[in-house]
Amino acid sequence: MVETQLRGRDIVDERVLSAMAAVPREQFVGERERRRAYDDAALPISGGQTISQPYMVARICEALRLTGGERVLDVGTGSGYQAAVLAELAAEVYTIERIPELAELARERLVAAGYDRVHVHIGDGTLGLPEHAPFDGIAVAAAAPGFPQTLYEQLKPRGRLVVPVGSARGQRLEVAVRSPEGPALIHSVPCRFVPLVGAEGFDQ
Ligand code: SAH
C-alpha cells in the first residue's frame with residue numbers, strides 16, 4: 001500500500017509514509033472487509049459511511065504539515081483509522097463523530113490498536129470542539145457544501161484546515177492556512193467523500 005498507492009503517486013512526507021505503514025488498517029474494518037483492507041479504495045463501514053481510501057488519508061495528513069508536537073482535530077471519526085494515523089503524527093488528537101454507534105466502535109478499535117490517547121467525542125463536528133481549541137490542524141473527512149468558517153476560527157495562527165468542499169457528488173480538497181488577512185487557500189485534488197451533515201454541513 002505504501003509503496004504503490006502512496007509513494008508511487010505523490011506522497012513524499014516520510015513521517016506520513018511511516019505513519020501509514022505503522023497503523024494496522026485491517027483492525028479498523030469489519031470482518032467481511034478485512035481481506036480488502038489495503039485495497040486502493042474507500043470501504044463500507046456501518047451507518048452507510050466509509051473508511052477513506054488510504055491515498056486520501058495520506059494526502060490530508062501531508063497537507064497538515066505535522067512535525068509531532070501539534071494538537072489536531074479530526075472531524076468525521078468513522079472507523080477511527082484517520083485518527084490513528086494522526087496519532088502517529090501529532091501530540092494530541094481529538095476526533096468527533098455524529099453517529100454515536102460509529103464513535104463507540106471507533107473508540108474500542110483505537111484502544112485495541114494501542115491508540116488510547118485519542119479523545120473520541122460524539123456531536124456535530126461542523127461546530128468543532130471549542131473547549132479544546134485552538135488547533136494546529138483540522139482534518140475533515142466528509143464533504144462540506146461550503147467553507148467551514150467555524151472550524152477555521154478554531155485554528156491557531158498559521159494553523160491548517162483540510163476539507164473537501166463541493167456538492168454531494170464530487171468535491172475538491174481545499175487546504176486553508178489561517179492568516180491575518182483571512183484564509184490563504186490552496187486548491188488540492190478532486191475527491192469524493194460522504195456528506196458532512198450538520199449546522200455548517202448538508203441537511204440530514
Ligand atoms: N476518517 C474516517 C472517514 C469516515 S467517513 C475514517 O478514517 O474511517 C466520514 C464520517 O464523517 C462518517 O462517519 C460520518 O458519519 C461523519 N460525519 C458526517 N457529518 C459529520 C458531522 N457534522 N460531525 C461529525 N461527524 C460527521
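Two strands pair if DSSP finds at least two bridges between them. In this predicted model, strand S3 (residues 71-75) and strand S4 (residues 92-97) pair in the parallel sense, over five bridges.

**Strand S3, the loop and helix H4**

S3 is mostly covered, with four of its five residues buried. The loop between S3 and H4 holds Thr-77. Is Thr-77 buried or exposed? Buried means under 20% relative accessible area. Thr-77 has a relative accessible area of 3%, so Thr-77 is buried. Leaving aside neighbours within four places in sequence, Thr-77 contacts Thr-95, Ile-96, Glu-97 and Ala-106.

The buried residues of H4 are Tyr-81, Gln-82, Ala-83, Ala-84, Val-85, Leu-86, Ala-87 and Leu-89.

**Around the ligand**

There are 25 residues around the ligand. Those that come nearest are Ser-79, Glu-97, Asp-124, Gly-125 and Val-197. Glu-97 also touches Thr-77.

| Residue | Polar atom of the residue | Ligand atom | Distance |
|---|---|---|---|
| Gly-76 | backbone | nitrogen | 3.1 Å |
| Glu-97 | side chain | oxygen | 2.6 Å |
| Arg-98 | backbone | nitrogen | 3.2 Å |

Taken alone, the ligand exposes 580 Å². The protein buries 100% of that area.

**Nonpolar cores**

Which residues have the most contacts inside the largest nonpolar core? They are Leu-6, Met-20, Tyr-81, Val-85, Leu-86, Leu-110 and Val-118, in a core of 49 residues. Helices H1 (2-7), H2 (14-22), H3 (54-64), H4 (81-89) and H5 (100-112) each supply at least two residues of this core. H3 gives the most, with eight residues.

Take Leu-6 as an example. Not counting residues up to four places away in sequence, Leu-6 touches Met-1, Ile-11, Leu-17, Met-20, Pro-54, Tyr-55 and Ala-58. A second, separate core has 18 residues. Among them are Leu-73, Ala-144, Leu-151 and Tyr-152.

Note on methods: Residues numbered from 1 in each chain as written. Predicted model: local features only at pLDDT ≥ 70, side-chain atom pairs only at ≥ 80, totals over all residues. Heavy atoms only, no water. Core = buried A, V, L, I, M, F, W, Y, C linked by side-chain atoms within 4.5 Å. Buried < 20%, exposed > 50% of the residue type's maximum accessible area, 1.4 Å probe, protein only. Contact = heavy atoms within 4.5 Å. Near = heavy atom within 4 Å. Polar contact = N/O pair within 3.5 Å; in protein donor to acceptor, adjacent residues only side chain to side chain. Areas by Shrake-Rupley, 256 points an atom, 1.4 Å probe, with all protein chains shown as cover.
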